[in-house]
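Here's a quick tour of one protein model. Take a look at the sequence and the 3D view first, then read on.

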Amino acid sequence: MSDARAFPQGFLFGAATAAYQIEGAAFEDGRTASIWDAFSRVPDAVINADNGDVACDHYHRYAGDVQLMKQLGLQTYRFSTSWSRVRPDGGALNPKGVDFYKRLVDELLGAGILPWLTLYHWDLPQALQDRGGWTVRETADRFTEYALDMHDALGDRVDVWTTLNEPWCSSFLSYTAGAHAPGHYSQAEGMLAAHHLLLGHGQTVRELRARDASLNLGITLNLTVADAVDPADPADLDAARRIDGQFNRWFLDPVFRGTYPADIIKDFRDTDAEAVARWQEAVQPGDLDVISTPIDSLGVNYYHGEYVGGTPPEVDPPAGDAPTPRPIGKPFPASENLYWHDRGLSRTNMGWEVQPEGLTRLLERVSDEYAAEAGVALYVTENGASYDDEPVTEAGETRVHDAERVEFVEAHLGAVLDAVDKGVDVRGYFYWSLMDNFEWAWGYAKRFGIVYVDYATQERTIKDSGLAYARVIAQRALEPAVVR
């Protein structure tokens, strides 16, 4: 251990999940349909017509799952609350739904695990979607009401509050590309949804801050590193600029600077001027002041970078979309002459490149350009990989030997330490996901967990990656053998 790389004092090790992906009990104790309950029943929207009705049955098995977390040594657990369980149909408070989260938080605290609560991980009540969903301003107000209900219930024992998880996914991927619920194909709707999501974020931060100035408040964004195939080629550089602008800056700039990036507004107008006009009408005076209300923490979700150019590759790289018969559009409205290339890196079974050094560069960039000046701490709130896990029986016990995931986790933890060594204020890492679960349009076809779930029996098995992560947590260091 003498040459091991130690993590900073106070650095938090955790894992993450989301309500719809693990809870099940979809229509129990007053819960009603979310947009994902509805979308998973659209023909060909989800592989094998899978849905989250049962998922990992966490609603009934949460106590055992918390004991698994304790066995792994997790210091913190990032979970989301289900809007459809707490305020079914977006209406009145459901005491039974609230009570579930009270029991879960009590279980976590009893195990010495810090609850890290996310208010929205894509499960909008379907009744609100029927009234326009995130394309209308009312939804931001209903979200703030729901958030305050959760604080009423849990504010005495939950100190960390994240408003949104990955608003890019719940806007452009969902309302423009049609890949996620509610499955629409509209540039205007994607832009409107993004704005109202961010407005709901800002309103909630303001209200929670007014209630309790000691809370740790933040948002989680999925971010990337966009690399041009040829940095000397203007077309390739422009492709990288557009990915960075539509994926990163469209959310970072409003939150930290109170502005939307002017170059991307122009790109969007060139693509669909009417969509931009509708969006501009929706952005009311004062909105950006609300959206840029100061936060304490930024969650960075990172899975891979983007290698893009202005001309097509000779061979297309693997696609990351679920291969469903239902059409999927482009989540990037400004995508003319924008192409993905293969740079020869290994890939997960999602078709995603394994690029740990990209995480280091991303954390540096976000710190240098946004977080450090604002005094905002960074946390890697999602990072993980899906591989084809096959359980085996050894000496009468089930084992899952996932060497690729072990390497993935340790390489990315090393990338976090590289960022720390460069002076970046990174205070924690959450692996995605604690357990295998419903992977959105992929259904149950992909496994990200460090805990294997047999969906037929609901038996849980800690994978080799979970055991490796537990060793890192126990030692609070990366051993030399696993340093990249």
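Which residues does tyrosine 120 touch, not counting residues up to four places away in sequence? In this predicted model, its partners are Ile35, Trp83, Trp134, Phe143, Thr163, Leu164, Asn165, Ser170 and Leu197.

## The nonpolar cores

Tyr120 is also one of the residues with the most contacts inside the largest nonpolar core, a group of 132 residues. Others on that list include Trp36, Trp161, Trp250 and Leu298.

Now find helix H12, which runs over residues 273–282. Its buried residues are Ala275, Val276, Trp279 and Ala282. They sit on the same side of H12, because they cover an arc of only 120° around the axis. In general, an α-helix has 3.6 residues a turn, so residues three or four places apart point the same way.

On the face turned away from the buried side, you'll spot the exposed residues Glu274 and Glu281. The buried residues, meanwhile, pack against H7, H9, H10, H11 and H13.

## A threonine in H7

Helix H7 spans residues 137–154 and holds threonine 144. This threonine counts as buried because its relative accessibility is 8%, with the cut-off set at under 20%. Leaving aside residues up to four places away in sequence, threonine 144 touches Gly200, Gln203, Thr204 and Glu207.

Terms used: Residues are numbered from 1 along each chain as its sequence is written. This is a predicted model: local features need pLDDT of at least 70, side-chain atom pairs count only at pLDDT 80 or more; totals for chains, interfaces and linings use all residues. Side-chain values use heavy atoms; hydrogens and water are left out. Helices (H or I, at least four residues) and strands (E, at least two) are DSSP runs, numbered from the N terminus. Buried means under 20% relative accessible area, exposed over 50%, partly exposed in between (1.4 Å probe, protein chains only). Contact means heavy atoms within 4.5 Å. A nonpolar core is a set of buried Ala, Val, Leu, Ile, Met, Phe, Trp, Tyr and Cys residues joined through side-chain atoms within 4.5 Å. The arc is that of the directions from the helix axis to the C-beta atoms.
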